[in-house]
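Dear colleague,

I am handing over the structure below, and after it you will find a short account of what came out of going through it. Please keep it open beside this message as you read.

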Amino acid sequence: MKITINNASSFVPAGSLSALAAQTSAANGLLESGKGAGNDFLGWVHLPSSISDSFLNEVQETADLLRSTCEAVVIAGIGGSYLGAKAVNEALAHTFDNFMHERKDPYVVYAGNNIGEDYLADLMEFLSDKTFGIVNISKSGTTTETALAFRLLKTMLEEKVGKQEARKRIVAVTDAKKGALRSLADKEGYKTFVIPDNVGGRFSVLTPVGLIAIAVAGHDIRALVRGAQDMEKQTGVGVACEDNPSAQYAAIRNALYQFGKSTEILVNFNPKLHFIAEWWKQLFGESEGKDHKGIFPAAVDFTTDLHSMGQWIQEGQRNIFETVITVKEPQKKVVIPSDEENLDGLNFLAGKRVDEVNKMAELGTRLAHVDGGVPNIIVEIERVDEYNIGALLYFFERACGISGYMLGVNPFNQPGVEAYKKNMFALLNKPGYEAESKAILARIK
């Protein structure tokens, strides 16, 4: 992986980045020493290098059992409990996988990440004529969206195949000792995996939270982990800032923020990376958006969104910068044919690969946006495969931890997430929320 910041550093005063070098190194050092805020959630820092072959074997064996017995597997989770897995699976899958007539892999579908009645009804209709299993991911077992979906799906599965068989098709990823899901899993005898206490949800893709779903989808979790392991080495405290991609990224985005660039747009020119951006938005939004601080994370898919958001990015308010994920080499090859009539005027492209056209669109867009006052950071990966995606995920995680400490916030908590829950429980008259229910009803009348 390679990071290029020339078209971003030119937007900040000379010497700004070198002035931040000591702060960047200190922030990376806090991740290593565990002396910073939120230090009880730093288990992800050396997670890749701590993953053992025996653990990966256990994950793969569980995934293979589901793969051999289920036409579909539902991943029930919300936020970090599903976004990482979905990001990897969507990046690595055949684009039209769900429409292929002959399948070697089960359908991997997602639930528990919304409270949409139509969504759940459609999902249950889809599963009605299929053998299916469930991977339920929740530390507490009481997160409303996930618990609700699991209750519906568990009931459906038990009615379909009986309780004894259903137990074999349910995997619980939860706390080691406590919580509603742990109690249920122990009672029912579900296969279980532990969510480490010191790894927060948005940093958990390389734990069982993400790895089981990725293995169920048929992807190589060992290569994914190797990519993350190599990036862990490249971003450690012993690596100088100018050679450390995560440190460089954290430093330039903080420099841009100091000089008024308060929104970061993650850009990709490969449709397979759409959900990588969704995962990234949670990672940085939930980590940095505190104390009325933080860069707002947004995302676009180019060239698609150039025909919708392109005008705003080119000439709108100049409080934005872009981080572009560019893929050096596509996995497949498509050559543009010549056409005798040339009514579309595209014969000048005949004989070229589609990716060459895409790369020129990418370069032209970057130049135009820089000319329009939008700094560009370039993150280049070799190709979209397990190894490179694993490296990319860890690169962003490490950069997020460094950047959060540079910003002066605790990157590993999320106190603001609870606000909507309190209101929702009060409006639903949940036991224990009687006073809140009375207050909120008086407020909305």
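Glu397 is buried (under 20% relative accessible area, where over 50% is exposed and anything in between partly exposed, with a 1.4 Å probe and protein chains only), yet Glu397 has no salt bridge, and the nearest side chain of opposite charge, that of Arg398, is 9.1 Å away. A salt bridge here is a side-chain nitrogen of Lys or Arg within 4 Å of a carboxyl oxygen of Asp or Glu, with Lys and Arg counted as positive, Asp and Glu as negative, and His and the chain ends not counted.

Please bear in mind that this is a predicted model, in which local features need pLDDT of at least 70 and side-chain atom pairs count only at pLDDT 80 or more, while totals for chains, interfaces and linings use all residues. Residues are numbered from 1 along each chain as its sequence is written, and side-chain values use heavy atoms, with hydrogens and water left out.

Glu397 belongs to helix 16 (residues 386-407); helices (H or I, at least four residues) and strands (E, at least two) are DSSP runs numbered from the N terminus. Not counting residues up to four places away in sequence, Glu397 touches Trp44, Arg202, Phe203, Val205, Trp279 and Leu283, contact being heavy atoms within 4.5 Å. Ser403 lies in helix 16 too and is buried, with a relative accessible area of 0%; leaving aside neighbours within four places in sequence, Ser403 is in contact with Ala250, Arg253, Asn254 and Glu288.

Helix 16 is also one of the elements against which the buried residues of helix 5 pack, the others being strand 3, helix 10 (208-216), helix 11 (221-234) and helix 13 (274-288). Because 9 of its 10 residues are buried, helix 5 is largely enclosed by the rest of the structure; Lys86 and Asn89 are among those buried residues.

Asp105 sits in the loop between helix 5 (83-92) and strand 3 (107-111), and is buried with a relative accessible area of 17%.

As for the outside, Glu117, which lies in helix 6 (residues 117-127), is exposed, with a relative accessible area of 68%.

With regards
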